[in-house]
Amino acid sequence: GIPACDPAEAISAIPKRPRGHRTPWWLLPACAAAVLASGGVAAQQPQLNAATGQPAQISLESTEYGANNRTEVMHHKVTGIGAASSFYDPGNHVLHESDVRYYSTTHAWRSTLNATVRYTDSKQFDINYWSLQNFAWKVSDTRREFSAGDYFANMSQYSMNKSIKGVAYQQNLSDEQNYLRATWGSFDGQWAYLLRNDRVDEPMDRHGTGLRLQRAGETWRIGANFAYVKDRSDDRNRGTLDAYRQYVPAFDWEYRHPAFVLNGEHAYSNTTQSPLATDPINKSGLAHKVNLRASLGAVTIDGTLERVTPNFLSLAGSATSDRMHGYLKADARIANVWGVFGIYDRYYDNLGAQLARRTYNVSEEVGVRRLRAFDRRSLSMSVSLRRRLTETTDDSTDRRSDQVKLRVADRFFDVVDVRADFENVYDRNYKTTPEASRNHNFSLAVSSRHQYGKWQINPGIEYGVQDNQNLALNGFDVT
């Protein structure tokens, strides 16, 4: 028979596996099934009028909960010369994951909880037998929101824009577009790094605090952001790595017009870099970015201008230091069946003249699209030409890459989709011998969709050929 188990404890508890003990993995689906059988979804029943037997009132309170289980049993047999370095674990293994969901509402509050627990005896997936993969809890009403566990700290691109494990609070000032948001937590990628102390692969602890105040109207938005990030320099897992401490104030804005949208962000970073055996180094830098999206009749324009100084660092946000970047794309539609586009993308480094040379990277692309070709409603064709080049001011690098890409797609009998792609790439490096290479890529994909009652069948097949020029043999390798 199946051993007795408490369904709630079976899913929420994360026991540490004793040495020599093998947990019966087949018990997990049975316990999860018991959870579903015990309730699944429960809603508060309305009170009945004793005289009429009809509902006396309609309640807005409800509670829903459930579990979802995935179990995979696998067998791996690894042979050959590289068997010792294979990614797979030889033998029989099991991977089981249980998702727990909880949702509750009252007349004023909403509460949601999502968690995922994993059990596996394969080091291919996890070095621990039991692990907590996800935990996210949120309680909110119309004015306030409190979050704990896994949380995406979205302040701004330059200040803080990463997932954390911690807490967050948001206070709406007048509506959801006007608010004050605060968060604190750890940037650990796994819960095991917080819940266990025996992980040899655990990185140095890094914690962060983020603040954002946003005010918005019908056509405008402004945001003031602040991020503080600090590494735990006395962490035993630090090794020989440098420890960082930084604060980043940032200001972002947006203006919306019927014909265009203009937005941007401006940030300052002050970073202290502490090597293990030398004195700390202080760095400060600036980052600016402006984006434009305009619609002029049948023409759509997207543009970006960004400048990030060499010493600007963002530990909790995203930015490429030492870069001047310009991007422009124009897309036009003609008679609702033709489309023409052009892209120009250029960036370079060495903004502070701190390097021996400057590197320029340029990408230019033009293309044409045709919809409803040959009077077929679903037939579309496109062709594009792209050139990329990389050059340096001291003439030490000179690379070119030309690409021609064709695509044809159509639908037959309203259920069968066919897509064919061909790509030819011609690379040249004028500073090496031999200086040129070619490769051709072709793919053909056929798929369909069929509905049979409650069943949906999606069969498909794809065939691809890739020819890479073999420079040493003056031939081609075919895959």
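Reply: **Paired strands and their surroundings**

Valine 299 has alanine 332, a residue of S15, as its bridge partner. This description rests on a predicted model. Strand S15 covers residues 323-334 and pairs with S14 in the antiparallel sense, through ten bridges.

On which strand does S14 also form ten bridges, and in what direction do the two run? Strand S13 (residues 281-296) is joined to strand S14 (residues 299-308) by ten bridges, and these two strands run antiparallel. One of the bridges can be named: alanine 287 is partnered by valine 308 in S14. S13 and S14 form a hairpin, with two residues between them. Glycine 297 lies in that turn and has a positive phi of about 70°.

The largest nonpolar core comprises eleven residues, including Tyr151, Met155, Ile164, Ala168, Phe187, Val229 and Leu315. Strand S6 (144-156), strand S7 (160-175) and strand S10 (220-231) each contribute at least two residues to this core. Another core, apart from this one, has seven residues, among them Val248, Ala267, Val308 and Phe312. Alanine 168, a member of the largest core, is in contact with Glu145, Phe146, Ser147, Tyr151, Ala182 and Thr183, when neighbours within four places in sequence are left aside.

A further strand, S2 (residues 62-76), includes histidine 76. Is histidine 76 buried or exposed? Its relative accessible area is 16%, and because buried means under 20%, histidine 76 counts as buried. The side chain of histidine 76 reaches the backbone oxygen of aspartate 89 at 3.3 Å. Beyond its neighbours within four places in sequence, histidine 76 is in contact with Tyr88, Asp89, Pro90, Gly91 and Gln124.

Tyrosine 88 leads on to the aromatic residues. The structure holds eight aromatic pairs. In one of them, phenylalanine 87 and tyrosine 88 are arranged edge-to-face, with 5.8 Å from centre to centre and 75° between the planes. Phenylalanine 87 is exposed, at a relative accessible area of 58%, whereas tyrosine 88 is partly exposed, at 44%. Tyrosine 348 and tyrosine 360 form a tilted pair, at 5.3 Å centre to centre and 45° between the planes. Tyrosine 348 belongs to strand S16 (residues 338-348) and tyrosine 360 to strand S17 (residues 359-371), so this pair ties together parts twelve residues apart in sequence. Tyrosine 360 is partly exposed, with a relative accessibility of 22%.

Threonine 359 is also found in strand S17, and it is partly exposed, with a relative accessible area of 22%. Residues up to four places away in sequence aside, threonine 359 touches Tyr347, Tyr348, Asp349, Thr390, Glu391 and Thr392. The C-alpha atoms of threonine 359 and threonine 390 are separated by 7.0 Å, although these residues are 31 residues apart along the chain.

Two charged side chains complete the account of the rings. Lysine 123 lies over the face of tyrosine 129, at 4.8 Å from the ring centre. Arginine 438 has its charged end over the ring of tyrosine 426, 4.0 Å from the centre of that ring.

Methods:
Residues are numbered from 1 along each chain as its sequence is written. This is a predicted model: local features need pLDDT of at least 70, side-chain atom pairs count only at pLDDT 80 or more; totals for chains, interfaces and linings use all residues. Side-chain values use heavy atoms; hydrogens and water are left out. Helices (H or I, at least four residues) and strands (E, at least two) are DSSP runs, numbered from the N terminus. Buried means under 20% relative accessible area, exposed over 50%, partly exposed in between (1.4 Å probe, protein chains only). A polar contact is a pair of N or O atoms within 3.5 Å; within protein, one must be able to donate a hydrogen and the other to accept it, and residues adjacent in sequence count only if both atoms are side-chain atoms. Contact means heavy atoms within 4.5 Å. A nonpolar core is a set of buried Ala, Val, Leu, Ile, Met, Phe, Trp, Tyr and Cys residues joined through side-chain atoms within 4.5 Å. Rings of Phe, Tyr and Trp (its six-membered ring) pair if their centres lie within 6.5 Å; planes under 30 degrees apart count as stacked, over 60 as edge-to-face and the rest as tilted. A charge sits over a ring if NZ of Lys or CZ of Arg is within 6 Å of the ring centre and within 35 degrees of the ring normal. Two strands pair if DSSP finds at least two bridges between them.
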